[in-house]
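Reader: Could you walk me through this model, one feature at a time? I would like the general idea and then the case at hand.

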Amino acid sequence: MINLELPKKLRASANQAHQVAAQIFRPISRKYDLAEHEYPVELDTMAAMVDGLSDSGTQKISGAAGGRSDEDEGPATMPVNANGGNMSALLNALETSWGDVGLMLSIPYQGLGNAAIAAVATDEQLERFGKVWASMAITEPSFGSDSAAVTTTAVLDGDEWVLNGEKIFVTAGERSTHIVVWASVDRSLGRAAIKSFVVPRDAPGLSVARLEHKLGIKASDTAVLLLQDCRIPKDNILGSPEVNVEKGFAGVMQTFDNTRPMVAAMAIGVTRAALEELRTILTDAGIEISYDTPANNQHAAAAEFLRMEADYESAYLLAMRAAWMADNKQPNSLQASMSKAKAGRTGTDVTLKSVELAGAVGYSQRLLLEKWGRDSKILDIFEGTQQIQQLIVARRVLNKSSAELK
């Protein structure tokens with residue numbers, strides 16, 4: 001029998017994250033939505049608390065090392081059913097995003113680049129970069145969803161890599177201490193030559209060109225980064241520096257198998273927040289939501305709520321499955337994309353429908369519903385758009401290559 005209950009250790013961690021969301025994030029959510037680009041100083045206290053819990057051993061450590069499973073020694077030493085770093089990170093992302101997803105994306109040492117490091121770093125690199133705050137720089141002005149179109153270059157010069165290029169839409173790009181940059185070591189070899197590099201914030205040649213003004217997640221800084229003869233140590237290339245044409249793009253793309261369930265969790269957290277607020281509004285209006293009466297025999301708003309709640313539950317289970325597979329060393333590219341596609345679509349649908357059903361109060365700033373409607377859209381876009389996720393799912397289901405199905 002499948003047991004869908006969370007184990008005790010994960011329930012405790014998720015509850016701690018929920019307390020942070022309720023007591024720290026929610027009270028300041030509107031403040032930083034209105035004060036775009038202002039650094040949320042309250043997060044420093046929270047980061048210190050997380051580090052304290054990590055040092056005491058009462059919680060998974062922060063940073064990329066927390067994204068590695070306890071059972072990373074290999075399949076031979078693993079238990080049959082492992083709940084490790086990926087599952088813990090997913091639940092923490094879900095709970096904190098319930099509070100405020102923009103603030104969640106601004107938590108020190110919890111950047112998307114940390115998941116990238118956890119996915120492909122060697123043990124030695126994990127030791128060095130395991131507790132840094134890493135953002136992720138992939139997108140460039142010349143492309144959006146086609147990650148293989150990277151034009152940023154990395155040339156080996158003695159004991160250093162020299163990087164040149166421009167990266168846009170880098171989440172936490174100004175605040176993070178390190179940036180995971182995708183660059184090509186030989187553009188003549190195509191996508192197989194694309195590697196990921198850990199670039200320290202103070203690396204010579206790295207600069208922030210500007211910060212973007214955005215529809216949502218205003219508490220999170222989104223930067224344009226310039227790499228102009230940017231020099232980093234030779235061993236800051238993640239994984240192997242060798243170009244394996246047969247393996248192709250799979251190495252760096254493995255990053256998304258970790259990050260897409262995380263983004264799905266963010267969308268699920270915002271979705272749950274909207275559903276809880278909407279349930280309160282409907283109940284106060286005298287609209288009963290019944291699980292014993294067919295939806296077509298209930299108030300239209302109640303029937304719509306039940307539909308959205310079912311979508312929320314399915315998105316939650318898909319994300320949990322993708323994270324569980326990652327912790328158990330099972331290939332999860334298909335499930336990661338399924339969870340991201342479902343959660344992203346559900347998040348935008350539920351938040352905007354909740355604004356509609358709440359009427360005038362939903363559209364006003366009296367509640368956070370309108371903010372969640374704005375915040376949710378990015379969760380359907382970054383880390384691969386809805387259309388890209390569906391394309392990946394189709395390729396996996398139909399057993400087609402990227403050349404065969406575009």
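Reader: How many helices and strands are there in the chain?

Author: Happy to start there. Helices (H or I, at least four residues) and strands (E, at least two) are DSSP runs, numbered from the N terminus. The chain has 12 helices and seven strands. Please keep in mind that this is a predicted model, where local features need pLDDT of at least 70, side-chain atom pairs count only at pLDDT 80 or more, and totals for chains, interfaces and linings use all residues. Residues are numbered from 1 along each chain as its sequence is written, and side-chain values use heavy atoms, with hydrogens and water left out.

Reader: What share of the residues of the chain counts as buried?

Author: Buried means under 20% relative accessible area, exposed over 50%, and partly exposed in between (1.4 Å probe, protein chains only). By that rule, 55% of the 406 residues are buried. Gly130 sits in the loop between α6 (123–129) and β1 (134–137). Its C-alpha lies 7.7 Å from that of Asn114, and the two residues are 16 apart in sequence.

Reader: What share of the contacts with a separation of 6 or more comes from residues 24 or more positions apart?

Author: A contact means heavy atoms within 4.5 Å. Among the contacts in the chain with a separation of 6 or more, 74% join residues 24 or more positions apart.

Reader: At what angle do the axes of α8 and α9 cross?

Author: Axes are lines fitted to C-alpha atoms, for helices over the stretch in contact, and angles run from 0 to 180 degrees between N-to-C directions. Helix α8 (residues 300–327) and helix α9 (residues 333–357) have axes that come within 9 Å and cross at roughly 155°. The two helices are therefore roughly antiparallel, a term for angles over 145 degrees. Their contact involves 13 nonpolar, five polar and seven charged residues; Ala, Val, Leu, Ile, Met, Phe, Trp, Tyr, Cys and Pro count as nonpolar, Asp, Glu, Lys and Arg as charged, and the others, Gly among them, as polar.

Reader: Where is Lys329 placed, and what is its phi?

Author: Most residues other than glycine have a negative phi. Lys329, in the loop between α8 and α9, has a positive phi of about 60° although it is not a glycine. Lys329 is partly exposed, at 42% relative accessibility. Asn399 also has a positive phi, near 55°. Asn399 belongs to the segment after α12 (386–398) and is exposed at 68% relative accessibility.

Notes
Angles under 35 degrees count as roughly parallel, over 145 as roughly antiparallel, 65 to 115 as roughly perpendicular and the rest as oblique.
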